[in-house]
Structure formats: C-alpha cells, structure tokens
Amino acid sequence: MSASLADQPRCLAVALGANLPSPAGNPRQTLVMVRPRLEQLFRDWACETARCRWSPLFDTVPVGGPIDQPSYLNAVVLVDGLQREPQQDAALALLQALHQLEREYGRDRGKEQRWGPRTLDLDFLFWDELRFDHPHLVLPHPRLHLRSFVLEPLLAAMQGSADWSL
C-alpha cells in the first residue's frame with residue numbers, strides 16, 4: 001500500500017482524542033472501546049464494508065485550552081477504498097453520527113471550554129478531495145496541517161494498522 005494520500009481512492013480520515021474519563025473508563029479504555037463502534041459506524045454510513053487503518057495511540061500534550069488539563073491520547077483512523085462518492089450531505093450525516101458517538105461517551109459540546117478537556121473528541125479531517133465550508137463542518141479540517149498530534153498519527157495510519165490491545 002502506498003503512503004501517499006493521492007494514491008488512496010476515496011479515503012477519509014477521522015482523528016480521535018480523549019483526556020478525561022468517560023463511562024467506558026480512562027481515556028485509553030475509551031478509545032479502545034470506541035474503535036469497534038467507529039468501524040461499525042463507517043460500515044453503516046457507507047452501506048458497504050469499510051477498510052479501516054488505525055494509527056497507534058499517541059500520548060500528547062494539550063494544545064490551547066486550560067494549561068492544567070491532563071495530556072491527551074490521540075489517534076487517527078483512515079477509511080479507504082470507499083465506493084461512496086464524496087458529497088456534502090453524506091459528510092454532514094457522518095459528522096452527525098460522530099457527534100452522537102461522542103455524546104454516548106459523555107461529551108457535551110454545549111458545556112465545554114474550547115480546546116479544553118474532553119471524554120471523546122472525534123474530528124472529521126478530510127474525505128478524498130472534497131472541499132466544503134459549512135457552519136458545522138469544514139473539509140479538509142482547517143487546522144490539520146498545524147497539529148502534530150494529528151499529523152503524526154495520520155502518517156502512522158497511512159503505513160498500516162496498529163493493534164490497541166489493553
């Protein structure tokens with residue numbers, strides 16, 4: 001498999017992060033528990049078998065927000081080989097499903113501080129070449145290129161899938 005995004009047909013990426021306990025447990029337990037849920041979410045949303053490649057989990061220093069918050073555990077999942085054409089309504093539907101999953105793990109976007117601690121953060125990074133600017137979603141993610149805590153896991157996922165066994 002090539003390590004170039006240009007060689008990945010209909011590829012999308014989602015970043016994951018957590019630095020607070022959720023109903024599933026500590027941040028590591030949360031990300032381990034959400035992984036199969038995300039794979040099922042992608043299959044349901046795409047109406048096909050989705051191939052997921054996962055980065056390892058990375059322990060990272062928080063960027064922005066309160067200075068005393070705990071470090072984050074971050075990862076990226078690449079979903080590739082999708083037959084579904086990138087389009088705006090489908091992207092918004094996926095975002096809505098991602099936000100629902102965040103809520104199930106205790107996230108309340110309405111009550112949190114920007115760049116503050118959270119139980120689960122799922123950021124839709126890109127979907128193929130789709131360029132989209134909507135009040136709820138901008139693709140590709142506007143700060144993707146500025147975030148080493150996203151770029152490093154993204155590059156790792158491009159190289160293959162990592163096991164997250166507890």
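Select Trp54 and Trp164, which are both buried, a word that here means under 20% relative accessible area with a 1.4 Å probe and protein chains only. The model is a predicted one, in which local features need pLDDT of at least 70, side-chain atom pairs count only at pLDDT 80 or more, and totals for chains, interfaces and linings use all residues. Residues are numbered from 1 along each chain as its sequence is written, and side-chain values use heavy atoms, with hydrogens and water left out.

Another case is found at Arg114, whose charged end sits over the ring of Trp115, 4.1 Å from its centre.

Next, turn to the aromatic pairs, of which a search of the whole structure finds 2; rings of Phe, Tyr and Trp (its six-membered ring) pair if their centres lie within 6.5 Å, and planes under 30 degrees apart count as stacked, over 60 as edge-to-face and the rest as tilted. Select Trp45 and Trp127, an edge-to-face pair with 5.0 Å centre to centre and 65 degrees between the planes. Trp45 and Trp127 are both buried. Return to Trp54 and Trp164, whose ring centres are 5.1 Å apart with planes at 75 degrees, so this pair is edge-to-face.

Definitions and conventions. Buried < 20%, exposed > 50% of the residue type's maximum accessible area, 1.4 Å probe, protein only. Lys NZ or Arg CZ within 6 Å of the ring centre and 35° of its normal.
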